[in-house]
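Below are a few notes to read with the model open beside you.

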Amino acid sequence: MAIVESILDIPIQDPPEEDFCSTDLTWTKFHTSEREDDVALIPYERVDAFIIGECSNVECPTRFHIERGRKRSLGSLKEYKNDEYLEYRLYWCSFGPENYGEGGGVLPSRRYRLNTRNRAARPQSMRGCTCHFVVKRLDAIGPGAKKIPYICNEIQQQTMSMIYLGIPEENVLEKHIEGIQRYCSSNAKVNSLASQYVHKLGMIIKRSTHELDLDDQASIRMWVERNKKSIFFYQDTSEEDPFILGIQTEWQLQQMIRFGLRSLIAADSTFGIKRLKYPLCTLLVFDSRQHALPVAWVITRSFAKSDVSKWMKALFDRARSVEPGWKVSGFLIDDAAAETDPIRDIFCCPVLFSLWRVRRSWLRNIVKKCNNIEVQREIFKRLGEIVYSIWSGVDTRIALDELAKDFVDQTAFMEYFKASWVPKIEMWLSTIGTLPLASQEASGAIEAYHVKLKAKLFDDSHLGALQRVDWLVHKLTTELHSSYWLDRYADESDSFQNVKEEYIASTSWHRALQIPDSAITLNDQNRLFAKVLSQKDSNLARLVWNPGSEFAFCDCSWSMQGNLCKHVIKVNMICKSHHGYQPSMSFQSYKEILINLWKKPMDDSVSLDLSIAWTHQMLDQIQKLVELTSSNDIGSVVNNLPLKWFSKKGRTYVGKPSSALPLPSSSKGMKTAVVSKKNRKRKRLSRLR
């Protein structure tokens, strides 16, 4: 162990784990004229994380109490050394195994007794485990304070993300030094400490493993004990209950509250149902660019209503504990068999259905099992017509029989379709016809996440680990989490330009927006196909058959893999403004909802008045939303909104100031809670200073 005589020669350590213990730190012998101690320097705000880590040792969990403590007010010492403290605390293990006395006898473990004066529980002295440590909050106004680089959570997360994504160490170090230069000047000492930090962090990440125990179930239990802050629900396997693990980091919670508030949440459900030990369900929000951002992962094999309700309620309550007024406007599902009652009961919002999963499954298998491209596009078109027939009253059974007769020679695909889809197609069509349908933009964003997740998890080098839950958890919380964190950071800070550009172009919708309208040629004579001219090679054009439909077929490589490609999206955008093309299924669904709402009152009654009022209110909100989205002057649109939020004399109001009524107590409580939280945070910071 290295021996130093100045506290300034000891580097600050900030382990990447949320909670850490003594084994995660490098200790230094600190020698003075009075004593010699094993010392490590950490940021003061991470003391609680260290104590939690020490208490959470799987082999011998314990608890520490403050045996002694002393404080000094700032400025009370006129002269001081660089290791003088503002706060001193001696932590001692409150429990533990037997303690051997001076004569070799065994002393009993610590027990609590009640103090008769203040009834406070205090452990007896000289009993139990002798494990202890001292925490000193150093006087940060000394002359050496500026020599130690400050590493905030943002810099640490940025460095970790780059390492997890395999970026070379020299590039990571360059960005790391740029980050700490925002807080202190750069010199040889700072650069040396930064280099040591990046190298050590890289070694920790490189040596980290998902296998905390050879037994997968035991390994997951250990991971859960060490990462409690990143878990919103955990239920271990038992005879009565199935395994459920709900993961959400603090950053994901922030994004869910930020982008999910009065917006949409979507589910990419049942990922890896055939290849993973337990299927994975991802909850997504749509960020500022309408890209799908993972904000929670649920690993379980159970889709029973009671089990879904458990983890959904835990997730919703977690968001409400941070933002009491948090709510969503809609929840997108992609599985017709999904339980919708828990969503309506807990999130109290409408449920929408996304077609991306069924479309992708059909197209992938058509391309895989049918060799002729003309047959491929015709089968895909016929399947689309069956789905569209839910609004035309066509008998599904007759349409399926005709499909089987017309393509009887396509044995491989028809056997797959009869086995996998015919038994449940009535359920899927019923769901499609009952629930509002999500747009192509939302479906494309969910599919883009699904494709990225598949590429991250189903790498050939990891195939042997697919049946371990600890491996899945490790991949999600390291590589995938880091990838999305860096994407958002690059976009919002306008840094890492290559990362930002890839992130922006990661969905087919955004790629379609880059295609000019002039590159599209519609065959208006019979509307069978459309041509999309390549922007890179003017001699190359893509053919999109069945234009205007969600089941349009493109001959590009991305579409032939089963994906919703940019050419199909762009052609469908153009078809909306031309007569004779069928509307999108999401618009058709929306139209049917309005028609049904209008048809409900059959007589000239108050019900008709309510129906008209609801319809006009909905249309007015949609119109304002369209204006807000397309306007260059958002302020003018906001000022013209019929309802306004404002505060007056500490109260929150809605409406015009002259005639506004105060909001219910729940809304005012939401505002007060946020303010109180900030006030508490401000007071706490002032105390720390």
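Where is phenylalanine 496 found?

1. Phenylalanine 496 is found in the loop between helix H15 (469–493) and helix H16 (497–504). Helices (H or I, at least four residues) and strands (E, at least two) are DSSP runs, numbered from the N terminus. Phi of phenylalanine 496 is near 50°, a positive value in a residue other than glycine. With 9% relative accessibility, this phenylalanine 496 counts as buried (buried means under 20% relative accessible area, exposed over 50%, partly exposed in between, with a 1.4 Å probe and protein chains only).

2. A word on the source: this is a predicted model, in which local features need pLDDT of at least 70 and side-chain atom pairs count only at pLDDT 80 or more, while totals for chains, interfaces and linings use all residues. Residues are numbered from 1 along each chain as its sequence is written, and side-chain values use heavy atoms, with hydrogens and water left out.

3. Asparagine 546 also deserves a look: its phi is near 60°, a positive value in a residue other than glycine. Asparagine 546 sits in the loop between strand E20 (541–545) and E21, and is buried at a relative accessible area of 16%.

4. Two strands pair if DSSP finds at least two bridges between them; E18 and strand E19 (residues 529–533) have 3. Isoleucine 520 has valine 532 in E19 as its bridge partner.

5. Now for strand E5 (residues 85–93): 8 of its 9 residues are buried, so E5 is largely enclosed by the rest of the structure. Strand E4 (residues 64–71) joins E5 through 7 antiparallel bridges, with arginine 68 opposite leucine 90. E5 also pairs in the antiparallel sense with strand E10 (residues 132–138) over 7 bridges, where glutamate 87 has arginine 137 as its partner.

6. There are 24 aromatic pairs in the structure (rings of Phe, Tyr and Trp, the last by its six-membered ring, with centres within 6.5 Å; planes under 30 degrees apart count as stacked, over 60 as edge-to-face and the rest as tilted). One of them is the edge-to-face pair of phenylalanine 380 and phenylalanine 553, 6.5 Å centre to centre with 65° between the planes. Phenylalanine 380 lies in helix H10 (residues 373–388) and phenylalanine 553 in strand E21, so the pair ties together parts 173 residues apart in sequence. Both phenylalanine 380 and phenylalanine 553 are buried.
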